[in-house]
Amino acid sequence: MAFTLFLEQTHRVLLSCFQGSFTLADIARCDRAVMLTIGREGAVRGIIDLTDVVTVAIPHDQLVERSRQPPMAAGQARIFVATTPAALDFAQSFLAAQQEFGGVGPQVVSTRAEAYRILGMADPQFEPLELP
């Protein structure tokens with residue numbers, strides 16, 4: 001699995017794009033990069049783009065455990081972009097588990113354009129970030 005991070009400074013949005021097979025190791029690596037970015041840039045909203053995820057290799061019990069962790073940017077909007085069956089199932093299961101635990105889960109949409117609209121982004125200019 002590969003992922004890339006992008007930051008949109010004007011609208012304060014971090015975009016995480018995943019491809020291929022999605023695993024807990026990918027989430028952990030992305031979490032570290034997001035924490036470093038938040039430490040450097042301050043609070044940001046997030047778009048997690050799973051459009052190019054083909055398979056999700058995360059057991060349900062581990063998905064539930066991960067969903068119960070507090071968001072890294074508490075109070076900031078998070079949106080999953082998911083279209084493939086595997087990515088959509090993951091996003092909806094993550095959302096349901098967070099809501100069951102009493103948290104506010106991310107929204108789930110089918111396109112980045114929809115995510116941009118929800119976040120009030122006009123003409124976003126994302127810049128790639130170096131991964132640790």
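This is a predicted model: local features need pLDDT of at least 70, side-chain atom pairs count only at pLDDT 80 or more; totals for chains, interfaces and linings use all residues.
Local features need pLDDT of at least 70 and side-chain atom pairs count only at pLDDT 80 or more, while totals for chains, interfaces and linings use all residues. Residues are numbered from 1 along each chain as its sequence is written, and side-chain values use heavy atoms, with hydrogens and water left out.

The structure contains 1 cavity of 30 Å³ or more. A cavity is a set of points, on a 1 Å grid over the protein atoms alone, where a 1.4 Å probe fits but cannot get out, and its lining residues have an atom within 4 Å of a point. At least two lining residues come from each of β2 (13–23), α1 (24–41), β3 (45–57), β4 (78–81) and α3 (85–100); helices (H or I, at least four residues) and strands (E, at least two) are DSSP runs numbered from the N terminus. Helix α1 gives the most, with 5 residues. By residue class, the lining comprises 19 nonpolar, 5 polar and 4 charged residues, where Ala, Val, Leu, Ile, Met, Phe, Trp, Tyr, Cys and Pro count as nonpolar, Asp, Glu, Lys and Arg as charged, and the others, Gly among them, as polar.

The whole structure holds 7 aromatic pairs. Rings of Phe, Tyr and Trp (its six-membered ring) pair if their centres lie within 6.5 Å; planes under 30 degrees apart count as stacked, over 60 as edge-to-face and the rest as tilted. The ring centres of Phe22 and Phe90 are 5.0 Å apart with planes at 85 degrees, so this pair is edge-to-face. Because Phe22 belongs to strand β2 and Phe90 to helix α3, the pair ties together parts 68 residues apart in sequence. Both residues are buried, that is, under 20% relative accessible area with a 1.4 Å probe and protein chains only. Phe90 also forms an edge-to-face pair with Phe80, at 5.8 Å centre to centre and 80 degrees between the planes. Here strand β4, which holds Phe80, is linked to helix α3. Ring pairs join Phe3, Phe18, Phe22, Phe80, Phe90 and Phe94 into a cluster.

The structure has 0 disulfides, a disulfide being a pair of cysteine sulfur atoms within 2.5 Å. The sulfur of Cys17 has its closest cysteine sulfur in Cys30, 9.7 Å away, which is too far for a bond. Cys17 is buried at 5% relative accessibility, and Cys30 is buried at 7%.

Terms used: On a 1 Å grid over the protein atoms alone, a cavity is a set of points where a 1.4 Å probe fits but cannot get out, and a pocket is an open set with protein on both sides within 12 Å along at least five of seven lines; lining residues have an atom within 4 Å of a point. Grid points are joined across faces, edges and corners, and a volume is the space filled by probe spheres set on the points. Buried means under 20% relative accessible area, exposed over 50%, partly exposed in between (1.4 Å probe, protein chains only).
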